[in-house]
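Welcome! Have a look at the picture, then read along.

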Amino acid sequence: MTLKLGVLISGRGSNLHAIVQRCTLARVSIVISNVADAGGLEIAAKNGIPHVVVDPNDFANRAAYEAKLIDIFFHYEVDLIVLAGYMKLVGKTLISAFKNQIINIHPSLLPQFKGLDAQAQALKAGAPESGCTVHIVTPQMDDGPILGQRRVSIFPDDTVESLSARILTQEHQLLPEIIDGLATAYAQL
Ligand code: GRF
């Protein structure tokens, strides 16, 4: 069975690209962006993947916005939602509709450095290492059961850019690996 993915993005979409290139047991059925000019939309288009912009500002509140996302994900019979650089908090409406079926990638070794600018936070704290984490999404930001992590060293001359690039290389391996692992697990249910 091929796992059908719904991918939520807000930006350049390099993790989306990694999923498309590397997942062998899952395929991206729909990409939704909350940002009109997100680079990831072009990646979806180039790969023939249906993609749509849903602007939260067009809705009265978050519940109504997420109800629209749910409609789209149901239409594409999505099994798993992947937050791949989706810069919005996920609310109860979406989480209840896809319980334990939403995962997120975050550029730190959670529970360290939650929230925005995780790489800058790691540098500021003088941490000797950082990395990335894939976890199940719960109502608390960057929380929820951890499915996998990759570590990288932090060097004295690192900048936010150099550290982010080192972590991103690991993100591109970790995320497809976890998704294929879930596809294997779901196939056994
Ligand atoms: C990644 O660093 C991811 O961990 C974070 O946002 C960034 C998205 O990058 N949540 P991209 O859009 O996948 O290139």
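In which loop is D117 found? D117 sits in the loop between strand 5 and helix 5. Keep in mind that this is a predicted model.

- D117 has a positive phi, near 55 degrees, although D117 is a residue other than glycine.
- D117 is exposed, because its relative accessible area is 56% and the cut-off for exposed is over 50%.
- L109 is found in this loop too, between strand 5 and helix 5.
- L109 counts as buried, because its relative accessibility is 7% and buried means under 20%.
- Leaving aside neighbours within four places in sequence, L109 is in contact with E129, S130, G131, C132, T133, Q149, R150 and R151.
- P111 also lies in the loop between strand 5 and helix 5, and the peptide bond that leads from L110 to P111 is cis, with omega near 15 degrees.

**Helix 5 and what follows it**

- Helix 5 covers residues 118-125, and its buried residues are A118, Q119 and A122.
- Looking down the axis of helix 5, you would find these buried residues within an arc of 105 degrees, so they line one face of the helix.
- After helix 5 comes G126, which has a positive phi, near 70 degrees.
- From L109 to G126 there are 17 residues in sequence, and their C-alpha atoms are 14 Å apart in space.

**Around the ligand**

- Which residues surround the ligand? They are R12, G13, S14, N15, G85, I105, H106, P107 and E171.
- The side chain of R12 has an N or O atom 2.5 Å from an oxygen atom of the ligand.
- For S14, a polar side-chain atom lies 2.5 Å from an oxygen atom of the ligand.
- For E171, an N or O atom in the side chain is 2.8 Å from a ligand oxygen atom.
- Taken alone, the ligand exposes 360 Å², and the protein buries 88% of that.

**Helix 1**

- Helix 1 spans residues 14-22, and S14, N15, L16, A18 and I19 are buried there.
- The buried residues of helix 1 pack against strand 1 (3-9), strand 2 (26-33), helix 2 (40-46), strand 4, strand 5 and helix 6.

**Aromatic rings**

- A pair of aromatic rings is described by the distance of the centres and the angle of the planes.
- The model has 3 aromatic pairs.
- F98 is buried, with a relative accessible area of 3%.
- F73, F74 and F98 form one aromatic cluster.

- R150 is found in strand 7 (residues 146-153), and a polar contact of 2.7 Å joins its side chain to that of E177.
- Beyond four places in sequence, the residues in contact with R150 include L109, Q170, Q173 and L174.
- Is E77 buried or exposed? E77 counts as exposed, at 55% relative accessibility.
- E77 is found in the loop between helix 3 and strand 4 (80-83), and its phi is positive, near 50 degrees, in a residue other than glycine.
- V54, in the loop between strand 3 (51-53) and helix 3, counts as buried at 4% relative accessibility.
- Among the residues that V54 touches, not counting those up to four places away in sequence, are I32, F59, Y65 and L69.

Terms used:
Residues are numbered from 1 along each chain as its sequence is written. This is a predicted model: local features need pLDDT of at least 70, side-chain atom pairs count only at pLDDT 80 or more; totals for chains, interfaces and linings use all residues. Side-chain values use heavy atoms; hydrogens and water are left out. Buried means under 20% relative accessible area, exposed over 50%, partly exposed in between (1.4 Å probe, protein chains only). Helices (H or I, at least four residues) and strands (E, at least two) are DSSP runs, numbered from the N terminus. The arc is that of the directions from the helix axis to the C-beta atoms. A residue is near a molecule or strand if one of its heavy atoms lies within 4 Å of it. A polar contact is a pair of N or O atoms within 3.5 Å; within protein, one must be able to donate a hydrogen and the other to accept it, and residues adjacent in sequence count only if both atoms are side-chain atoms. Accessible areas come from the Shrake-Rupley method with a 1.4 Å probe; for residues, only the protein chains shown count as cover. Contact means heavy atoms within 4.5 Å. Rings of Phe, Tyr and Trp (its six-membered ring) pair if their centres lie within 6.5 Å; planes under 30 degrees apart count as stacked, over 60 as edge-to-face and the rest as tilted.
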